[in-house]
Amino acid sequence: DADAATNPSSPAHAPPNAITLIERVIGAHGGRDNFKKTRTGRSHLVVTGTPGLPAGSTADVIEQFDLPLRLRRDAHTTVAGESIVVSYVITEHGSWQRLGESSWMPNPLSPSHTVTTFPASIFDNLLTLADSSEAIVVSSTESPEGKQFLVLSHEVDGHWNGDLQIDPETYLVFSVNRRVFSGAANDFVETSTRYTDYRSIDGVPIPFKTVVLHNGNPAMQSMVKEVVFLETLDDSAFEFD
C-alpha cells in the first residue's frame with residue numbers, strides 16, 4: 001500500500017483498502033498467472049433465455065476460444081420445439097456468421113470490438129479494476145436474505161460505471177451490477193450478473209451457474225457442462241465447415 005501511495009504507476013487514485021481488496025479477490029480467483037489459462041480452451045454451456053430469441057428458448061452453446069483474436073461459437077438453439085444452429089467465427093481476419101445450413105456471411109465488427117467470452121471475461125474485469133486509474137470505493141451491503149457482501153464501486157470519467165459484490169468469506173465475485181442499454185426496451189436496464197456454484201478447473205475457480213437479472217427480473221441463465229483450458233488450439237478449430 002505504501003508503494004501505491006508513492007508510485008504514480010500503481011493502481012492510481014484507489015484508496016489502499018480498495019487496492020488490497022482487489023488483490024485478495026484476484027488471489028481468490030486463482031491469481032494472475034492462472035488467469036492466463038482462461039484465454040485458450042473450449043466450453044460447453046446450456047443457456048436459457050437466449051438473447052434475441054423468444055422467451056423460454058434454450059441453447060447448447062459450444063465455444064472454442066483463443067483470445068484475444070479468435071473465437072468459434074456454435075449455438076444449438078431450440079425455439080418452440082424447433083432446432084437450429086447459429087454459428088459465429090471471429091479471427092484476426094474478420095467475423096462471419098451462419099444460420100442453419102446457409103452460407104457463411106460477413107458480420108462486420110466495430111473498430112473498438114474486443115473478442116471476449118466466458119470465463120475469461122470475469123478475470124478481465126478484475127484486472128481492469130486493478131490496473132486502471134478508476135476511482136474505486138469500498139462499501140458493504142446486505143441481500144434480502146441477510147447475506148453480507150463487500151462492494152467495489154467504480155467510476156469512469158466521473159460517472160458511475162457499476163459495482164462488484166464480493167463474498168467476504170471466500171473473496172469470490174458474487175455479482176457484477178451496471179446499467180446497460182437495451183435495444184429491446186429502448187432504455188437503460190439495471191443489469192445484475194450473478195455467479196454461483198464455483199468449482200475449480202485446473203486451479204481456477206469457475207462459476208458453474210450464471211444468472212442475469214434485468215431490473216430485478218430473471219432474464220437469462222447459463223449452466224456450465226464443461227470447461228477445458230488448453231495450451232494451444234489448432235487453426236482448424238476456427239475454419240469454416
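Gln165 is buried, at a relative accessible area of 18%, where buried denotes under 20% relative accessible area, exposed over 50% and partly exposed the range in between, with a 1.4 Å probe and protein chains only. The structure is a predicted model, in which local features need pLDDT of at least 70 and side-chain atom pairs count only at pLDDT 80 or more, while totals for chains, interfaces and linings use all residues. Residues are numbered from 1 along each chain as its sequence is written, and side-chain values use heavy atoms, with hydrogens and water left out.

Of the 241 residues in the protein chain, 40% are buried. Among contacts between residues at least 6 apart in sequence, 41% join residues at least 24 apart, a contact being defined by heavy atoms within 4.5 Å.

Gln165 belongs to strand β9, which spans residues 159–166. Apart from neighbours within four places in sequence, Gln165 contacts Thr141, Phe149, Leu150, Val151, Leu172, Val173, Phe174, Ser175 and Asn177. Gln165 also lines the second largest pocket, together with Thr141, Glu142, Ser143, Pro144, Glu145, Lys147, Phe149, Phe174 and Arg194. A pocket is here an open set of points on a 1 Å grid over the protein atoms alone, with protein on both sides within 12 Å along at least five of seven lines, whereas a cavity is a set of points where a 1.4 Å probe fits but cannot get out; lining residues have an atom within 4 Å of a point. The second largest pocket holds about 160 Å³ of space, the volume being that filled by probe spheres set on grid points joined across faces, edges and corners. Its lining consists of three nonpolar, three polar and four charged residues, where Ala, Val, Leu, Ile, Met, Phe, Trp, Tyr, Cys and Pro count as nonpolar, Asp, Glu, Lys and Arg as charged, and the others, Gly among them, as polar.

Strand β1 (residues 40–48) pairs with β13 in the antiparallel sense through eight bridges, and Arg42 has Val228 of β13 as its bridge partner. Strand β1 is also antiparallel to β2, with nine bridges, and Ser43 is placed opposite Glu63 in β2. Strands β2 (residues 58–66) and β3 (residues 70–79) are likewise joined in the antiparallel sense by nine bridges, with Asp60 partnered by His76 in β3, and the two strands form a hairpin with three residues between them. Strand β3 runs antiparallel to strand β4 (residues 82–91), again over nine bridges, and Leu71 lies opposite Ile90 in β4.

Arg70, which is located in strand β3, counts as buried, at 12% relative accessibility. Beyond residues up to four places away in sequence, Arg70 touches Gln64, Phe65, Ile90, Thr91, Glu92, Val115, Leu233, Asp235 and Phe238. Although Arg70 and Thr91 are 21 residues apart in sequence, their C-alpha atoms are 4.4 Å apart in space. The side chains of Arg70 and Asp235 are joined by a polar contact of 2.7 Å, and a polar atom of the Arg70 side chain lies 3.1 Å from the backbone oxygen of Leu233. A polar contact is a pair of N or O atoms within 3.5 Å; within protein, one must be able to donate a hydrogen and the other to accept it, and residues adjacent in sequence count only if both atoms are side-chain atoms.

Several backbone features remain to be described. Most residues other than glycine have a negative phi, and most peptide bonds are trans. In this model, however, a cis peptide bond with omega of about 15° joins Leu67 and Pro68, and Pro68 lies in the loop between β2 and β3. Another cis peptide bond, with omega of about 0°, joins Phe118 and Pro119, the latter being found in the loop between β6 (105–106) and α4 (120–131). Ala80 takes a positive phi near 55° in the hairpin of β3 and β4, which has two residues between the strands. Tyr171, in the loop between β9 and β10 (173–182), has a positive phi of about 65° although it is not a glycine, and Tyr171 is partly exposed at 23% relative accessibility. Asn215, also not a glycine, has a positive phi of about 50° and is located in the loop between β12 (204–214) and β13 (217–229).

Notes. Two strands pair if DSSP finds at least two bridges between them. Helices (H or I, at least four residues) and strands (E, at least two) are DSSP runs, numbered from the N terminus.
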